[in-house]
Amino acid sequence: MSLDSPSIVLRDQKHVHLATEDVDTGAQLVVGFTSPLDADEALRIRKKIDRHIMPLMCVLYWIQFMDKTTLSYASILGIQQATNLTTNEYNWLGTVFYLSYLVLEFPQNLALQRFPVGKWMSINIFVWAVALTCHAACKNFTGLLVVRLLLGACEGSITAGFLIVSSMFYTRTEQTLRVGYWFLMNGTAQVVTAFIAFGVFQINTKGFEPWQWLMIITGAMTMILAISFWFLFPDSPTNAWFLTPDERAKAVQRIKENQTGVENKHFKMEQLIEALTDPKTWLFALFSALNNVPNSLTNQQALIIASFGFSIVQTALLSCVPGILEILTILTGVRLAARRPNSRAYVGAMYFVPSWFGILLVNLLPWSNQAGLLVGQFLAETSVPGFVLSLSWLNNVTAGHTKRVVTNAIMLSAYCIGNAAGPLMWKEQYKPRNHVPWAVIGACYVACPALLLVIRAVLARENRIRDAEPVDTSEEYVIERTTEDGKRIEVKIDKEFLDLTDRQNRDFRYVL
């Protein structure tokens, strides 16, 4: 086996001496940990981790999606009239959010590697809470443009940060479920925000409109969460406040099977180059971009439902339905993928089928068929599990902390490109049937499941190549460690904690 890091020096045929900065941060905790971790103890630690981080992750993902979609609900509460927005300007507010997200996504990922993950996310949450509250003071397109740019810049830290944290604390199968659990909070946010919008519509305050109350209420909720995150959310299992020193070592040992370690704070140029030259990086990125062009339905949803002839109150309440469907589809999708080994691509592709039927209904039914159009609209938004599974899948098949940071940044940048392009296709001349946007969405939903199957084929082929290679057990890896009495000794490090990439570690196998 070969290692590209220049600070690794071969001492003899069996020993490779490593500098401390080359190995994973978890390596120091598990040095000398030779006995297998008891299954009951591993389960106890996993449940303790769940109790302390999953509630915070779920609430934050709910809040961030709610904040992002306040624009959609504000559209039926009078923001366009109050700020004199044209249709084109309203669509641009959806686009600039993701343009800002895109520009700062790579810097955000570098910051997540360099600084404590929990603290960095907390700072971003605080800034976007302020920006969201400032929506209420905006009087025109320019003001809204500035605060939407700030929202996008800050949100770039959240999904990337959650992917890193999920890989630090959970095994690969557990990640599939946990990513699904926090992502389905997007659906919860749609339901809760719909009821908040319904509530603020009843508020009649002179000089302060319902859409402004929506921004103030959601901004205050976000501010409270930012403070909670700073004090309660851990940065890593190596220093999690709720784990004892012994439990921290066991938490790291528990994820040894991932062969991805915990984290490494040193940016490695060779891992950046590998990420940029790895075909699967760009296959996942293409999937991400195409899958998120239809995500423009998020901001258009309330307007589309209202165009079917429903009142403001009815539209607000009906907007709960896509949220409920998202919860159900993600929950069933991730559970099915976790239960059936190597089925991620198949499960993800399967959930695009109802969306095909929904798109056909919206485009082919007569405009007078209000119920049928509504059903078609809802069915068109059932493909979310494909993207959720792709997020955890990319995390599962990428090793090397710098490489994982870079691939996450590329994946989420592609997500931004799709989301930024999507709103621009909803033009005034296409209303009310919007056949052109729906045709684009249909094309994306045909390409996406095909890409999932291509990714699976590529990874399966690589696994077969590795299975045919001889097993190399000739090398051992060591770092120097100072004992309590001041002696410097060499201790063995497991390959799983060497911060190797999935290409460097030929024992690594890709989950499918």
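## The largest cavity

The largest cavity has a volume of about 410 Å³, where a cavity is a set of points on a 1 Å grid over the protein atoms alone at which a 1.4 Å probe fits but cannot get out, and a volume is the space filled by probe spheres set on the points, which are joined across faces, edges and corners. This is a predicted model, in which local features need pLDDT of at least 70 and side-chain atom pairs count only at pLDDT 80 or more, while totals for chains, interfaces and linings use all residues. Residues are numbered from 1 along each chain as its sequence is written, and side-chain values use heavy atoms, with hydrogens and water left out.

## Its lining

The lining of the largest cavity consists of 29 residues (each with an atom within 4 Å of a point), and F65, N295, T298, E326 and V384 lie nearest the centre. Helix α2 gives the most to this lining, with 7 residues; helices are DSSP runs of H or I with at least four residues, and strands are runs of E with at least two, numbered from the N terminus.

## The chain and a buried helix

The chain holds 22 helices and 4 strands, and 59% of its 512 residues count as buried, meaning under 20% relative accessible area with a 1.4 Å probe and protein chains only. Helix α11 (residues 245-254) is largely enclosed by the rest of the structure, because 7 of its 10 residues are buried, among them E247, K250 and R254.

Methods:
On a 1 Å grid over the protein atoms alone, a cavity is a set of points where a 1.4 Å probe fits but cannot get out, and a pocket is an open set with protein on both sides within 12 Å along at least five of seven lines; lining residues have an atom within 4 Å of a point. Buried means under 20% relative accessible area, exposed over 50%, partly exposed in between (1.4 Å probe, protein chains only).
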